[in-house]
Amino acid sequence: MKKFFHKIKTGLLNLNQNLMERTLKRRENSKFYQARMRRKNDPKRIARAEFMDRHSLLFHIPLSLAMCFILEWLSHHSFMSAVSFVQNHTVAYLYNSYLIFVCYTLCFLVTRQSFVRYIVSAVFVMLGITNCIVLLNRVTPFGFTDLYMIGDLLTMQNTNYFSRSQGAVCVIAIVIYALYMVRKWFKGKKSKLRTPLWFRVLLICASFGSIPLVTNTLQDMGYLSSYFGNLAQGYTDYGYVYGFATSVFNRGMSKPDGYSEELVDEIVAESTSNEETTLNATDGPNIVVVLLESFFDVSECSFIETSEDPIPYFHYLEENYSTGHLTVPVVGAGTCNSEFEILTGMSCQFFGPGEYPQKTILKETDCESIAADLRTVGYSSHVVHNNGGNFYSRANAFSMMGFDSFTCKEMLDITEYTPMGSWPTDTILIGATSDALDTTEGSDFVYTITVGTHGDYPTEKIIEDPAITVTAVGKDEALENQWEYYINMLHDMDTFIQEYIAMFEERDEDTLVIMFGDHLPTMGLTADEVATGDLYQTKYITWNNFGMNKEDADLTAYQLVSEYLGRLGFYDGTMVSYNQSKTAQGIDATSDEYMDDLEVLQYDILYGDRYVYDGEDAYPATDLEMGVKDVVIDSVYKFNGRIHIYGENFSKWSKVYINGEKVSTTYESGQVLTIDSDLVENGDIIEVCQVGSSSTIFRTSNAYTYTDPTLTEEELEALGEETEAEETEATNEANE
């Protein structure tokens, strides 16, 4: 028997060897293999590779110059614009190439230099392609802070950020490249290193160590700037690599020169008003601030012609109530930075390029805000928004800012969407705002965020019979389609504004409404195409029903609410008082005189010793309530193989939990959810939770004990006793 198996084993081994020999011979006879081997053994190629290994440091110079040019080509979306950058900003181009060159010195750490070179090149190319795509959809270039938004973007598929198919292509491309690099590591050629490791490490450290010296020197000479008043322009003038690197290493705020307790006390003393605050929640008006997403008065655009005024009610408010232009920190994107300035009275100028404070400092530090200031005179504060509660980390940020409640999309029964289907319509915000006002005694501060005019704007014609027809003079058909879609969404926004104001008129409570555009839309707008000559200026309008005088003024976002609180008789709050005092003195809000002291106060509150509060945490974060209406389970029925859960205030983001475990849930309506009947047994505890991104539970319903309606009275009674015993035991454990 052993001889038999030995013969079989030997035969199989011989067969395998024969197959391998045939395969190898067939491969050796193939034209592709022969051509590959000729190329691999080509003496000229070998000599060239050995020359590059010996002189790789010099080879990196043209490689870095070429890589920098490619990145600028991608950034400018134009070969000739990249050439123009090299010609007009030569020092910046050489500096960006130098940064790339320094990164290539990492090749000298290992013998597989080509592998590391591929990795470094891939990182730069990926950054360049990402920036290129981002700039096709917004004005602001790609920065490090955008990486904080990855979780948010994953909740926004099929919008202007990316589609499912595009996301899949990106993942596949990354996986293929990763597999290629693994092969390169094991199969790639090793370089002959002629210098000791200590010398190579010293060279790399010296290269990276030289960056701060070179950077500071060029900044002192005026070739580079450490702050970009206009982020997009900064990247354009100083290069993408430098711009992105600045967004990586220049985050947060630097300590201002001369920062001390004495300086803070001096600034506070100078800005403290002599007037006494008279505003209070007992007889003061409701104060409502509304962010109008991407709102732009297109009558101020030089090339747009419309069949009729798309925003007649907006213009009515402009004519009859206080209004003006508003300087905001962003264009085309970055809503939360305009939001931050509006709500805190602080400036985003002091943060790193493209930084979102709500995604950085407010993750760990509470912050005085308009909501917190108004609490001192009895106001309650609410946020109403028809997008996700975690987007821009808003649930956390609004808690850090001292708001009482936040009604986000997860708490709303949203059923109507814009024609593209990407965003909810804003009408639902009217009832949600009214509900928020109804929950508290006295006056309220409400911050409402719209999304109806949010991009993207389709290049093809979506609305077959638009209410407003649009001609974009001198623009192609695709861009004209984008403007037509946007302007018709703007027209819908105007209707929303009118209905929103009508709701306050019906409530017949003293109310001040301030509405502002957070930034202009994208679609290739240039400064010379807008009436203000400034892409960072939007408009704000107001409405009131208690006779406030019309006093127009152009303001910055960090001045806006402070200005109107002063008109209402409120002069408290650190940033409110400061902004009011400087505005009253007629000091330009962008001047050094205004900004230097603002920077000191802002640093003290967010990063410093909080001398302004005598070192105390004067405005701690609140226990933010998500939504203002209870989610309620009224009854549960079983039929047609499904469990039907009836109740109130369900939404598309309602999920059923059985004994604390989430189960597959079908949304039927705001009053009905269904689950598979096999998921529930007698005595199980059913709850409905409003769930946001990352499986965050924002609000939970009452607990409902399920009983099968087919049970006998005795079985139901026994089940009730068992459930009561379990609840008693759980209570005792909790008490222990």
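A charge is said to sit over a ring if NZ of Lys or CZ of Arg is within 6 Å of the ring centre and within 35 degrees of the ring normal. The views below come from a predicted model, in which local features need pLDDT of at least 70 and side-chain atom pairs count only at pLDDT 80 or more, while totals for chains, interfaces and linings use all residues. Residues are numbered from 1 along each chain as its sequence is written, and side-chain values use heavy atoms, with hydrogens and water left out.

**View 1. Charged ends over the rings of Tyr564 and Phe303.** Arg567 places its charged end over the ring of Tyr564, 4.3 Å from the ring centre. The charged end of Lys475 sits over the ring of Phe303, at 4.6 Å from its centre. Phe303 also belongs to one aromatic cluster with Phe296, Tyr457, Trp483 and Tyr486.

**View 2. Aromatic pairs.** Rings of Phe, Tyr and Trp (its six-membered ring) pair if their centres lie within 6.5 Å; planes under 30 degrees apart count as stacked, over 60 as edge-to-face and the rest as tilted. The structure holds 34 aromatic pairs. One of them, Phe391 with Tyr392, is tilted, with 4.6 Å from centre to centre and 50° between the planes. Phe391 and Tyr392 are both buried (under 20% relative accessible area, with exposed meaning over 50% and partly exposed in between; 1.4 Å probe, protein chains only). In the pair of Tyr540 and Tyr564, the ring centres are 6.1 Å apart and the planes stand at 80°, so this pair is edge-to-face. Tyr540 lies in strand S9 (residues 537–544) and Tyr564 in helix H20 (residues 557–568), so that the pair links distant parts of the chain, 24 residues apart. Helices (H or I, at least four residues) and strands (E, at least two) are DSSP runs, numbered from the N terminus. Both Tyr540 and Tyr564 are buried.

View 3. Strand S8 (residues 511–517) has 7 of its 7 residues buried, so it is largely enclosed by the rest of the structure. In a regular strand the side chains alternate between the two faces of the sheet. On one side of S8 the buried residues are Thr511, Val513, Met515 and Gly517, and on the other Leu512, Ile514 and Phe516. Two strands pair if DSSP finds at least two bridges between them. Strand S1 (residues 286–292) pairs with S8 in the parallel sense over 7 bridges, and Val290 stands opposite Met515 of S8. S8 and S9 run antiparallel and are joined by 5 bridges. Phe516 has Tyr540 in S9 as its bridge partner.

**View 4. Helix H21 and its cover.** In helix H21 (residues 574–584), 9 of the 11 residues are buried, so the helix is largely enclosed by the rest of the structure. Among the buried residues are Tyr578, Asn579, Gln580 and Lys582. Their cover includes helix H13 (261–271), helix H15 (335–344), helix H16 (370–375), H20 and helix H22 (592–606). Just after H21, Gly586 takes a positive phi of about 75°.

**View 5. Surroundings of Thr335.** Thr335 lies in helix H15 and counts as buried, at 6% relative accessibility. Leaving aside neighbours within four places in sequence, Thr335 is in contact (heavy atoms within 4.5 Å) with Leu291, Glu293, Tyr392, Arg394, Asp518 and His519. Ile449 is 114 residues from Thr335 in sequence, and their C-alpha atoms are 9.9 Å apart in space.

**View 6. Nonpolar cores.** A nonpolar core is a set of buried Ala, Val, Leu, Ile, Met, Phe, Trp, Tyr and Cys residues joined through side-chain atoms within 4.5 Å. The largest has 72 residues, and those with the most contacts inside it are Leu374, Phe398 and Phe403. H22 gives the largest share of this core, 8 residues. Apart from neighbours within four places in sequence, Leu374 is in contact with Leu279, Ile287, Tyr379, Phe445, Leu565 and Phe570. A second, separate core of 54 residues includes Phe303, Leu429, Phe496 and Leu520.

**View 7. An open sheet of 4 strands.** The strands follow the order S12-S13-S17-S16, with antiparallel pairing. Strand S12 (632–639) and strand S16 (666–669) are the edge strands, each pairing on one side only. S12 pairs with strand S13 (residues 642–648) in the antiparallel sense over 7 bridges, and Val632 stands opposite Glu648 in S13.
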